[in-house]
Number of protein chains: 2
Amino acid sequence: MAGFGVVGGAVYRHLCREAALLAGRCGVRPVITAVAVKHPGWMPRRKVHLPRSLVVSCAMELAARREVDVVVELMGGCDTARELILASLRAGKPVVTANKALLAEHGPEIFGEANRFGTPIYFEASVAGGIPIIQSLREGLVANRFRLIYGIVNGTCNYILSRMAQDGAAFNNVLREAQELGYAEADPALDIDGIDAAHKATVLASLACGGCVDFRHVHVEGIRHVSAVDVRFAHLLGYEIKLLAIIRAAGASQVEVRVHPTLIPMSNRLATTAGVTNAIVVRGHVVGDIEFSGPGAGGDATASAVLSDIAHAACHLRMIRATENPGSFHAQRGTDGGRLRPTHHRPLIGSLGPQIVSMGDVISRYYLRLSVTDRPGVLAQISSILGKTRIGISSVLQPEGHEGGAVPLILMIHDARNDAMFKAMRRIHQLKCVKAKPVMFRVETFET
Amino acid sequence: MAGFGVVGGAVYRHLCREAALLAGRCGVRPVITAVAVKHPGWMPRRKVHLPRSLVVSCAMELAARREVDVVVELMGGCDTARELILASLRAGKPVVTANKALLAEHGPEIFGEANRFGTPIYFEASVAGGIPIIQSLREGLVANRFRLIYGIVNGTCNYILSRMAQDGAAFNNVLREAQELGYAEADPALDIDGIDAAHKATVLASLACGGCVDFRHVHVEGIRHVSAVDVRFAHLLGYEIKLLAIIRAAGASQVEVRVHPTLIPMSNRLATTAGVTNAIVVRGHVVGDIEFSGPGAGGDATASAVLSDIAHAACHLRMIRATENPGSFHAQRGTDGGRLRPTHHRPLIGSLGPQIVSMGDVISRYYLRLSVTDRPGVLAQISSILGKTRIGISSVLQPEGHEGGAVPLILMIHDARNDAMFKAMRRIHQLKCVKAKPVMFRVETFET
């Protein structure tokens with residue numbers, strides 16, 4: 001195991017405690033033989049006791065050691081983690097990782113090497129913590145084409161947005177509170193700017209498409225610009241604002257992959273998914289909509305997924321060894337009563353798969369909040385611009401209340417291309433009657 | 001394949017249409033070689049065209065035929081289906097089945113033979129249709145002990161109860177409507193008396209415990225006695241009435257397994273699970289609560305699960321053959337890039353596992369509706385009986401309104417043993433001021 005932080009510590013603790021349970025259930029008893037720790041000197045301060053005899057200071061040693069059968073990478077980052085994973089795959093040691101950043105940004109390289117050397121890589125913990133979404137996409141729903149996958153995949157953002165929705169609190173105050181509670185990092189950028197969610201969206205999209213999608217083309221917006229006033233207006237209109245990852249098939253060889261704050265109807269189950277919970281809806285062409293929800297982060301929930309992957313890796317090795325020594329495998333079959341079950345494994349091709357649709361070409365609905373002067377003719381000017389860009393208004397809300405001489409005007413916009421909307425917004429911003437930069441969020445109903 | 005009804009037809013259609021998809025994803029192309037049909041004469045009327053050359057009239061032939069590698073049992077019932085499955089397992093042909101009744105009522109025999117002959121049996125479609133709950137319990141959550149599993153596992157009952165909740169309609173009217181829409185059978189007893197849900201609860205409990213639980217000891221109540229007035233009062237108190245399957249670990253070697261209408265708080269996500277949707281919450285000791293929801297019945301959703309099992313069975317055979325001819329397996333590994341993935345398989349022991357707690361010993365909260373005379377002293381008499389049985393009242397609701405001289409009195413009861421509650425109800429019923437048989441439903445909050 002490389003890395004001994006919150007997740008690593010939890011994996012170690014549960015693996016030691018539940019070794020008999022795992023052995024009974026999958027017929028293989030995993031034993032931790034070495035743990036690579038970044039700063040071995042910090043050891044005494046850790047909550048989980050790690051025997052000094054297991055500690056190694058160089059992670060790369062794991063790929064080289066003879067007694068290591070499976071490498072569990074929980075260190076994060078794209079430097080040493082990448083090297084360790086590549087070396088392990090080349091050495092024929094199955095890899096278990098929770099590293100969504102690495103898989104999203106170096107997918108073709110990682111999966112390419114895994115395929116080239118025939119070494120499996122498991123990454124259930126990389127998306128939505130303890131929810132078995134990866135296995136469900138690959139196996140339980142194997143007969144389905146995935147037209148749509150959408151979900152709340154970042155617990156920090158969902159915690160902040162649901163606190164804003166409950167209490168009408170301002171973004172900055174809730175962020176500070178989340179940091180105090182340990183739900184947000186001291187440097188929260190990776191979470192609140194949507195990057196973590198985009199990494200997960202990339203992994204999900206690659207699985208759905210059967211080939212890596214290019215992370216660099218994923219449209220990403222975070223939640224810094226979501227204000228209490230927009231949350232309140234959204235409520236008035238019957239919507240909740242959530243940071244969603246959205247993956248939608250677009251024709252045979254293209255896919256939309258995007259992360260942005262989204263207005264969804266209150267009746268959608270994701271609207272009531274509060275706190276650090278994750279929730280993902282998968283729309284399969286055979287099965288329809290399946291929703292998964294549960295703890296998307298935290299040491300224990302993530303450890304549950306890592307342990308499941310370790311069990312898979314252990315069984316894989318057992319099968320490989322059985323094929324090298326068929327007699328022993330048949331002997332096992334007799335006594336174990338079919339414990340060892342091979343399954344289908346949808347391979348991730350180690351090259352770029354379908355192209356991501358450019359955001360300008362994506363069609364969606366919109367919530368548009370303008371700050372305008374309280375004079376007659378304003379709505380006419382704005383709707384004239386929208387009309388010329390062939391963008392239809394579905395409803396208008398002009399609530400009471402002033403913002404320093406200006407009044408808010410909320411427009412709900414029909415299906416329109418994003419580039420048309422961007423163009424219209426630029427023109428609207430130039431109007432004299434418009435007093436601030438227009439605020440725009442996309443609206444999705446996910447109707448079938 | 002045995003059986004060509006709604007599910008069989010859907011499996012056949014999707015398997016023919018998506019053969020290339022399945023072959024690409026799991027490296028094995030399943031081909032249907034024979035379909036056992038009960039009344040081959042009816043063929044022309046079927047929606048799905050089935051070539052006559054595939055039709056066999058005797059299901060048992062499937063277990064005997066050389067060209068049949070996997071037997072898919074979708075005929076239902078416990079007679080021919082049982083014989084076919086046993087014969088197939090003994091012949092070493094992996095079995096795929098959606099037959100929860102058979103697994104619940106003959107689990108020890110079926111799993112016993114599967115283990116004895118080392119032949120796998122797959123049954124993802126037996127619980128919650130297209131939701132991959134079985135695989136998630138066995139594999140994705142393999143590191144967890146399951147303290148609690150609860151859920152809506154019968155779409156017919158949930159459709160009826162949610163229509164009653166939405167419209168205040170009476171049970172019989174909604175049942176008739178459900179029958180007209182095809183959501184309920186002409187003979188609806190299996191569904192509305194809770195038997196189907198109890199079959200599914202038995203399968204889930206057996207998986208959670210790792211050994212078969214005895215279906216005959218499962219406490220089963222259906223929804224015939226749920227009235228519009230109770231749904232309305234439940235709403236007033238902040239609850240929804242749902243037919244739930246509840247499986248709760250009780251000590252080391254006992255388990256509660258019960259199916260009954262249950263009041264759950266509106267804030268529980270299952271309270272807003274409407275229509276024929278199924279939803280299951282799994283509480284694991286490592287992961288916490290994971291919820292799955294989706295279509296629990298219907299040809300397509302069930303076919304999605306059956307097809308996933310067929311893919312598993314196909315990969316199992318491929319691995320077996322590889323071990324018999326190791327050279328070919330290694331050759332495959334090189335070209336297929338690790339497509340074949342063995343996994344852990346929590347075996348179901350073919351003998352009775354943990355004992356089911358007697359319903360009298362189960363502790364729960366209660367909703368109690370009495371029809372009483374509108375005179376002083378009534379509440380005193382009732383609360384005196386409850387007090388003597390050491391049953392605590394948590395709240396009282398006496399709404400306006402008369403029922404032919406009697407008034408409704410609703411008591412919410414603290415945690416108490418079921419046998420104490422039954423005893424108190426008998427005594428209360430004997431009171432002169434009580435005008436009808438008391439109506440009791442259990443209340444669960446599922447707090448952690």
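Which residues of helix α12 (residues 228-236) of chain B are buried?

Modeller: This is a predicted model, in which local features require pLDDT of at least 70 and side-chain atom pairs count only at pLDDT 80 or more, whereas totals for chains, interfaces and linings use all residues. Residues are numbered from 1 along each chain as its sequence is written, chains are lettered from A and ligands numbered from 1 in the order in which they are written, and side-chain values use heavy atoms, leaving out hydrogens and water.

In helix α12 of chain B, the buried residues are B:Val229, B:Asp230, B:Val231, B:Phe233 and B:Ala234. Buried means under 20% relative accessible area, exposed over 50%, and partly exposed in between, with a 1.4 Å probe and protein chains only. Helices are DSSP runs of H or I of at least four residues and strands are runs of E of at least two, numbered from the N terminus. Just after α12(B), B:Gly238 adopts a positive phi of about 90°.

Elsewhere in chain B, B:Asn154 sits in the loop between β6 (146-152) and α8 (155-167). With a relative accessibility of 4%, B:Asn154 counts as buried. A polar atom of the B:Asn154 side chain lies 2.8 Å from the backbone nitrogen of B:Cys157. Beyond its neighbours within four places in sequence, B:Asn154 is in contact (heavy atoms within 4.5 Å) with B:Asp191, B:Asp196, B:Ala197, B:Lys200 and B:Asn278.

Chain A is divided into domain 1 (6-131 + 299-350), domain 2 (136-296) and domain 3 (360-443), with bounds from an automatic or database domain assignment. Taken over C-alpha atoms, the centres of domain 1 of chain A and domain 2 of chain A are 28 Å apart. Their contact takes 23 residues from domain 1 of chain A and 25 residues from domain 2 of chain A. Together these two domains bury about 2,000 Å², 66% of it on carbon and sulfur atoms; buried area is the accessible area (1.4 Å probe) that two parts lose on being put together, summed over both.

Between domain 1 of chain A and domain 2 of chain A there are 0 salt bridges, a salt bridge being a side-chain nitrogen of Lys or Arg within 4 Å of a carboxyl oxygen of Asp or Glu. On the side of domain 1 of chain A that touches domain 2 of chain A, α5 (100-117) and β13 (340-344) of chain A each supply at least two residues. The largest share of that side, 8 residues, comes from α5(A).

Over all chains, the structure has 51 salt bridges. One of them joins the side chains of A:Arg13 and A:Asp300 at 3.1 Å, N to O. A:Arg13 lies in helix α1 (residues 6-17) of chain A and A:Asp300 in helix α12 (residues 299-324) of chain A, so this pair ties together parts 287 residues apart in sequence. A:Arg13 is partly exposed at 28% relative accessible area, as is A:Asp300 at 32%.

Another salt bridge links A:Glu256 to A:Arg258, with the closest N and O atoms 2.9 Å apart. A:Glu256 counts as buried at 10% relative accessibility, and A:Arg258 counts as buried at 0%. The side chains of A:Arg269 and A:Glu291 also meet in a salt bridge, at 2.8 Å, N to O. Both A:Arg269 and A:Glu291 are buried. Finally, salt bridges with shared partners join A:Arg248, A:Glu256, A:Arg258 and A:Glu444 into one network.

How values were computed. Polar contact = N/O pair within 3.5 Å; in protein donor to acceptor, adjacent residues only side chain to side chain.
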